[in-house]
Amino acid sequence: RTPLFGSGEQRSSGWGVHFTPMGHVVTVTAAGRVYLVDRASGRTLATYDIPSELGFVPPETFGAALDPSALLPESVQGDIRTVWGTKSDDEQADGFSAFLGSGEFVDNTIAVSERGDIYVIGGGPTPQNGALVQIRVRGIANNPTLELGWYAVTDRGSATTPSVNQGDQYVAIGDGAHPSTYLNAGPTDAHLKVFDIPACDENRDADSDPRICAVDWQHSLQRGSL
């Protein structure tokens, strides 16, 4: 067992488990801290705290107590009960709030590219933004380090886990996820966005800042992030 933390000594749950080409286990906590773990021993080899390193903050939420599950079709509510239990269960409250946009820094799993780069989508520079962050694994298998590659600012919360295509040419995400989407999906500013990985790695993208990756192609989602 390997405990996971956010900032300091505060425990934080992990979102998914992946393997890297070097054979490490990698995950990210809800608080935005990436963990690289030895697969055999469970020893933490390296961490990267995105909020602390980049000064990013969690996305905004409703800001008030509200149960938007009542807006969902009964069939969907039935699926939620199957996965997370009844409304009285703490597990459903935690799981469903994450599904809606919980206010946690991260509420989707990471992606790992063929060459071992880690992609995290979560909070961004302001509560109204999110960000896709590329983290690179450096060093050797038994003594790796994690460092920033680049980041791309997105709209509000994350609607999807990052997806990297075969050959590491592109990474795609969906953004614009926010609880208000359930109330009025039409005008929500949500997109499918694609980023050219080599162009951003080599600073050949549309943004001159080497730390920032500009979107290469995007498509507006007519029904918001839903």
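1. Contact here means heavy atoms within 4.5 Å. Not counting residues up to four places away in sequence, Leu146 touches Val34, Leu36, Ala46, Thr47, Tyr48, Ile118, Ile135, Arg136 and Val137. This is a predicted model, in which local features need pLDDT of at least 70 and side-chain atom pairs count only at pLDDT 80 or more, while totals for chains, interfaces and linings use all residues. Residues are numbered from 1 along each chain as its sequence is written, and side-chain values use heavy atoms, with hydrogens and water left out.

2. A nonpolar core is a set of buried Ala, Val, Leu, Ile, Met, Phe, Trp, Tyr and Cys residues joined through side-chain atoms within 4.5 Å; buried means under 20% relative accessible area (1.4 Å probe, protein chains only). The largest such core has 22 residues, and Leu146 is among the members that touch the most others, as are Val34, Ile118 and Ile135. A second, separate core of twelve residues includes Ala111 and Cys213.

3. The structure holds two aromatic pairs (ring centres of Phe, Tyr or Trp, the last by its six-membered ring, within 6.5 Å; planes under 30 degrees apart are stacked, over 60 edge-to-face, the rest tilted). Phe56 and Tyr151 have ring centres 5.2 Å apart and planes at 85°, so this pair is edge-to-face. Phe56 counts as buried at 7% relative accessibility, and Tyr151 is buried at 11%.

4. For Tyr119 and Trp150, the ring centres are 5.9 Å apart and the planes at 55°, so the pair is tilted. Both Tyr119 and Trp150 are buried.

Terms used
Buried means under 20% relative accessible area, exposed over 50%, partly exposed in between (1.4 Å probe, protein chains only).
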